[in-house]
Structures are given as C-alpha cells and as structure tokens.
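Please read the points below alongside the sequence and the model.

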Amino acid sequence: MDAGRGDRRLALESVHADPSVLTAVRHRIDGFAREIGWPPDTTTDVLLATYEALANVVEHAYPADERGTFDLLATYHHADGTLSVVIVDRGTWLPQSDDNSARRGQGLRLMRALCESVRVEPRDGGTEIELQWKSGNHRPLPLPGREQQVDP
C-alpha cells in the first residue's frame, strides 16, 4: 500500500438498480482499488463480493415494474488499512419464491467467504449492506460443498 496516501472515498449516488449498470460500477470500484494501491489478489475478492451484493439489490430490492436506485460508498482508511463498501437501496427485499429456493441463497455465503465482515441491515425505506476488508489480513475461506451448506 502506498504510505503517502490518506483516507480515500468513492461515492456513487442514485445509481439505477439495473443489471446494465453493474459492469460500469465494477470498473469504478476496480479503479478505486488501484488508486489506493489495494493488493490485486484481494481486489478480486472486493470486486466479486461487491458485484454479488449489487446483483442482490437489482434482483431482490425492487419489484420488476419499479425503477429503483442504490448508493454505493467505498471508503479506504489509511491508518488501519481498512476498505469498506456500503451499498444502500431504497426498496423492500422481495421474498424468495419456492420454485427457485433450491438453487438460490448462495450470495450471502459467498460475500461472507470473500470479506472479513459482512453486515446486512434492513432499514426503514431500504437495506444497507456493508462489506469490509483489512489489507494484508484477509484470507478467503473455501466455500463448503453443497452437502455442508446450511441456511444463513
């Protein structure tokens, strides 16, 4: 990490919760990670976990006929080497239907395996997801096999 840099932020506000924007958001986060000198191996974890969280917002926070938005704030705290990504939507997460429950529900497990900490907090008028990593400390955990999975 570049010791000459202080705290840094990337703020994206009122982004349309649409699959077509996720690649552009991922590129912005990748650029931010490079800007702060984040290690490449952990950057992959950041990109994958953040993309999964955003995909969940797009798919679950809003009904198909409602155009929703989300905010994303990535913050790097130089003093302790912590990177956090906070995503806030303004929707109401939709319940999972019975017909797709057998093949679903792996996103939160994936995020937990890729991050040092994950917080999902329902709020009035939306949900807040916080993903966090500390430079040099994170070691991704292997995902358990299908037979070892439990509900979150």
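1. Helix contact. In this predicted model, Leu22, Thr23, Val25, Arg26, Ile29, Asp30 and Ala33 of α1 are in contact (heavy atoms within 4.5 Å) with Thr43, Val46, Leu47, Thr50, Tyr51, Leu54, Ala55 and Val58 of α2. Sorted by class, this contact of α1 with α2 comprises 10 nonpolar, three polar and two charged residues. Here Ala, Val, Leu, Ile, Met, Phe, Trp, Tyr, Cys and Pro count as nonpolar, Asp, Glu, Lys and Arg as charged, and the others, Gly among them, as polar.

2. Basis of the values. Residues are numbered from 1 along each chain as its sequence is written, and side-chain values use heavy atoms, with hydrogens and water left out. Because the model is predicted, local features need pLDDT of at least 70 and side-chain atom pairs count only at pLDDT 80 or more, whereas totals for chains, interfaces and linings use all residues.

3. Geometry of α1 and α2. The axes (lines fitted to C-alpha atoms over the stretch in contact, with angles from 0 to 180 degrees between N-to-C directions) of helix α1, residues 22-35, and helix α2, residues 40-60, come within 10 Å and cross at roughly 150°. α1 is therefore roughly antiparallel to α2, a term applied to angles over 145 degrees. Their crossing is right-handed, meaning that the near helix is turned clockwise from the far one by less than a right angle.

4. Geometry of α2 and α3. α2 also packs with helix α3 (residues 107-114), at an angle of about 155° and with the axes 9 Å apart. This pair, α2 and α3, is therefore roughly antiparallel as well, but the crossing of α2 and α3 is left-handed. From α2, Asp45, Leu48, Ala49, Glu52, Ala53 and Asn56 take part, and from α3, Gly107, Leu110, Met111 and Leu114. The contact of α2 with α3 has six nonpolar, two polar and two charged residues.

5. Overall fold. The protein has three helices and five strands, as DSSP runs of at least four residues (H or I) and at least two (E), respectively. Along the sequence their order is β-α-α-β-β-α-β-β. Of the 152 residues, 40% are buried, that is, under 20% relative accessible area with a 1.4 Å probe, protein chains only.

6. Confidence. The mean pLDDT (the predictor's confidence in each residue, from 0 to 100) is 85, and 78% of the residues reach 70 or more. Over residues 146-152, pLDDT stays under 50, and the model has nine contacts beyond four places in sequence for them. Where pLDDT is low, the predicted coordinates should not be read in detail.

Key:
Parallel < 35°, antiparallel > 145°, perpendicular 65-115°, else oblique. Buried < 20%, exposed > 50% of the residue type's maximum accessible area, 1.4 Å probe, protein only.
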